[in-house]
Amino acid sequence: MGEASREGGGEPPPAPRRPPTPTWALPAEPDPRRWWALVVIAIAQLMVVLDASIVNIALPSAQRDLGMSDANRQWVITAYTLAFGGLLLLGGRIADLVGRKKTFMIGLVGFAIASGLGGAATGSGLLFGARALQGAFAALLAPSALSLLTTTFTIGKERSKAFGIYGAIAGGGAAIGLIAGGLLTQYLNWRWCLYVNVPIAVVAFIGAAVFLRDRPERGRVSLDVPGVVLGCGGLVAIVYGCSEAEPRGWGDGLVLGLLVGGVALLGVFAWWQSRARHPLLPLHIVRNRNRGGAFLTMGLAVIGLFGMFLFMTYYLQTVLGYSPVKTGVAFLPMVVAIVVGSTQISARLLHRIPPRFLMAPGAVLASVGLFTLTFLTAEPAYVSHVLPAMLLVGLGMGLTFMPVMATATSGVAPHDSGVTSATVNTAQQVGGSIGTALLNTIATSTSAAYIADHLADAARRAGALGFTPAVREGIVKSGVVHGFTVAIGVGSAIMLLAALVAGLMVNGRAPTQDRAPAADSAESADAAA
């Protein structure tokens, strides 16, 4: 009888019921102060991003003033990146547990105090410690800022516009830091590159108290202490290993030990997260195909971008003889292009077309811009080569960063928004560390080989008379530029790989204007993977 009813057209089995959409995935009542909240978040994020580059221009002056050795001066940069990159996951989870607004404000206060200590440093040790403290509070501030943005803007065009502005800051903050660093160093002194954070943090703190709103979440969980030790330890080892690869080389025993140890710790971390009751980084966040593709695209794109900042700064100052201020101004066209790409193109198109149709072409455009720089010579070539490349890279990064961040944070439950935002920042920070170390090693080794070969060739041609200092200087300068172009070529290839990852992995559809992004869950993430 049962067989007959099934074959004879009985009632079909009921369709499986979809689980109800969680309340956090439904559109919330718009906060009337949300655009002022965006201004506050943007100010704080700009402070964190530009601080990573503003000190670069001031470093030579600080080294002379405090009597730092050439071997130790790198710690002004490394102390910040170590603490920032290593503690981001912890900072993101603290934001989820304690509250995003509270963590944001604590991060602002701590960052301002650390900046003041660094500016007043009377010795290199105090400066290194202050920079590490800055990085630790930045690890609280950055993920809470992005998660506040994620939970404040959830629907349609407004979300696209907000992430466009945020993406412009993420892409252009480093260049703005170079401009500000040049102005402050040349017309005041290097200490103001740190002091300037204090008034910015005060303004952002007052704005946060007035305009930011953070909805309390139920069911918050305890902190995963083993996950903190494994995850943060692995990230610190990798970032430190990449930083030490610059002076030591990639084949050095310490560098290899740190990198292998860091990867091993992260492997154990991933194993533990699949078993922990309250994981530091819930694996469904990274298993989601679109989110994982966005993280990987961000990391690869930043490798090429940071390489360009490093080499163009040295090219403009040491090869073309630009002053710090003129060097900063030379980056302005790229900043403008990033802003245009993020706010006028990506923000207008994201709710109409799939994100990968912005990410992939943007990364290709940036790759073409970087490839243009491989034709640089020791002769002045700003208008013919540098300017077009900066415009292409800036426009490409503007097209890429905004949809990457929007995709990476889309559909995440509020209790996971902090750690998700931290993962975006981690991809950016680790990518920047790897890119700086990898491309700088390629550049220096290539330059050394070029200079040695050409000096030997010049000596053979000159014979007993030898060659003049001018010939030697010309060979050295050409060798430095040759190293830059080879490394930038590698960066161009990595940027092309970012385009490939975005095109193949990110397959999400354009978000609609009248609803929040689709809810994410462990089950849907596994299906998407």
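In this predicted model, helix α3 (residues 75-98) and helix α4 (residues 100-119) have axes that come within 8 Å and cross at roughly 150°. Since angles over 145 degrees count as roughly antiparallel, α3 is therefore roughly antiparallel to α4.

**The nonpolar cores**

The largest nonpolar core has 114 residues. Within this core, the residues with the most contacts are F104, L149, M312, Y315 and M397. Helix α12 (residues 289-319) supplies the largest share of the core, with 15 residues.

Setting aside neighbours within four places in sequence, Y315 is in contact with L320, L376, T377, E379, P380, A381, V386, V481 and F484.

**Aromatic rings**

Six aromatic pairs turn up in a search of the whole structure. Two of them are set out here.

| Pair | Arrangement | Centre to centre | Angle between planes |
|---|---|---|---|
| W36 and F211 | stacked | 5.5 Å | 15° |
| W271 and W272 | tilted | 6.4 Å | 45° |

What does the pairing of W36 with F211 tie together? W36 lies in helix α2 (residues 34-66) and F211 lies in helix α8 (residues 197-211), so the pair ties together parts that are 175 residues apart in sequence. The arrangement is called stacked because its planes, 15° apart, fall under the 30 degrees cut-off.

For the tryptophan pair, W271 counts as partly exposed at 45% relative accessibility. W272 is partly exposed too, with a relative accessible area of 26%.

**A charge over a ring**

One further ring is worth a look while you have the model open. The ring of Y322 has the charged end of K326 sitting over it, 4.3 Å from the ring centre.

Terms used. Residues are numbered from 1 along each chain as its sequence is written. This is a predicted model: local features need pLDDT of at least 70, side-chain atom pairs count only at pLDDT 80 or more; totals for chains, interfaces and linings use all residues. Side-chain values use heavy atoms; hydrogens and water are left out. A nonpolar core is a set of buried Ala, Val, Leu, Ile, Met, Phe, Trp, Tyr and Cys residues joined through side-chain atoms within 4.5 Å. Buried means under 20% relative accessible area, exposed over 50%, partly exposed in between (1.4 Å probe, protein chains only). Helices (H or I, at least four residues) and strands (E, at least two) are DSSP runs, numbered from the N terminus. Contact means heavy atoms within 4.5 Å. Rings of Phe, Tyr and Trp (its six-membered ring) pair if their centres lie within 6.5 Å; planes under 30 degrees apart count as stacked, over 60 as edge-to-face and the rest as tilted. A charge sits over a ring if NZ of Lys or CZ of Arg is within 6 Å of the ring centre and within 35 degrees of the ring normal. Axes are lines fitted to C-alpha atoms, for helices over the stretch in contact, and angles run from 0 to 180 degrees between N-to-C directions. Angles under 35 degrees count as roughly parallel, over 145 as roughly antiparallel, 65 to 115 as roughly perpendicular and the rest as oblique.
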